[in-house]
Amino acid sequence: MAEKVRESAAEKKADAEERDNDKDLKYTDDQIKKAVDLINDQGYVTKKDIPEMDDDDWSKGFAAKIDDVFKDSDKDPYIYYEKFDYAGGEIDTIIWNMDVIKTRDDALKKLAEVLNKKIVR
């Protein structure tokens with residue numbers, strides 16, 4: 001069975017404070033299937049693949065939907081959701097399989113590569 005989507009306690013608290021609870025977040029079967037297929041094929045999904053992932057609240061719920069699909073399958077990936085800061089104050093998200101992309105730092109680098117972002121350390 002797939003693991004729950006993980007995020008830090010500090011991130012949960014910060015997100016709760018900034019979340020727009022009035023949003024009507026919707027996810028189509030096609031979006032979910034595409035993301036699951038991409039995670040199976042390349043190990044991750046970003047806003048480059050699913051443009052709606054530009055919205056953090058939407059992405060967080062989307063990660064949970066993806067995780068639900070894996071829970072109901074015979075695969076057992078460790079699905080992780082994270083948002084990262086890049087140069088210029090840009091924040092982007094990635095949903096990935098930790099069996100493929102092993103660390104948060106690797107996910108940071110992969111997202112920077114895919115979206116052509118500059119990492120700030």
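Which residues of H3 are buried? In this predicted model, where local features need pLDDT of at least 70, side-chain atom pairs count only at pLDDT 80 or more, and totals for chains, interfaces and linings use all residues, the buried residues of H3 are Asp 56, Asp 57, Trp 58, Ser 59, Lys 60, Phe 62, Ala 63, Ile 66, Asp 67 and Phe 70, buried being under 20% relative accessible area with a 1.4 Å probe and protein chains only. Residues are numbered from 1 along each chain as its sequence is written, and side-chain values use heavy atoms, with hydrogens and water left out.

**Helix H3**
- Helix H3, a DSSP run (H or I, at least four residues) numbered from the N terminus, covers residues 56-71 and spans 23 Å from its first C-alpha to its last, close to the 22 Å expected at 1.5 Å a residue, a value taken as 1.5 Å times one less than the number of residues.
- At the start of H3, a side-chain oxygen of Asp 55 comes to within 3.0 Å of the backbone nitrogen of Asp 57.

**Asp 67**
- Asp 67, which lies in H3, counts as buried because its relative accessibility is 2%.
- The C-alpha atoms of Asp 67 and Ile 32 are separated by 9.9 Å, although these residues are 35 apart along the chain.

**Packing of H2 and H3**
- Helix H2 (residues 29-42) packs against H3 at an angle of about 70°, with the axes 10 Å apart, so H2 is roughly perpendicular to H3 (65 to 115 degrees).
- The contact (heavy atoms within 4.5 Å) involves residues including Ile 32 and Ile 39 of H2 and Phe 62 and Ile 66 of H3.

Conventions: Helices (H or I, at least four residues) and strands (E, at least two) are DSSP runs, numbered from the N terminus. Buried means under 20% relative accessible area, exposed over 50%, partly exposed in between (1.4 Å probe, protein chains only). A polar contact is a pair of N or O atoms within 3.5 Å; within protein, one must be able to donate a hydrogen and the other to accept it, and residues adjacent in sequence count only if both atoms are side-chain atoms. Axes are lines fitted to C-alpha atoms, for helices over the stretch in contact, and angles run from 0 to 180 degrees between N-to-C directions. Angles under 35 degrees count as roughly parallel, over 145 as roughly antiparallel, 65 to 115 as roughly perpendicular and the rest as oblique.
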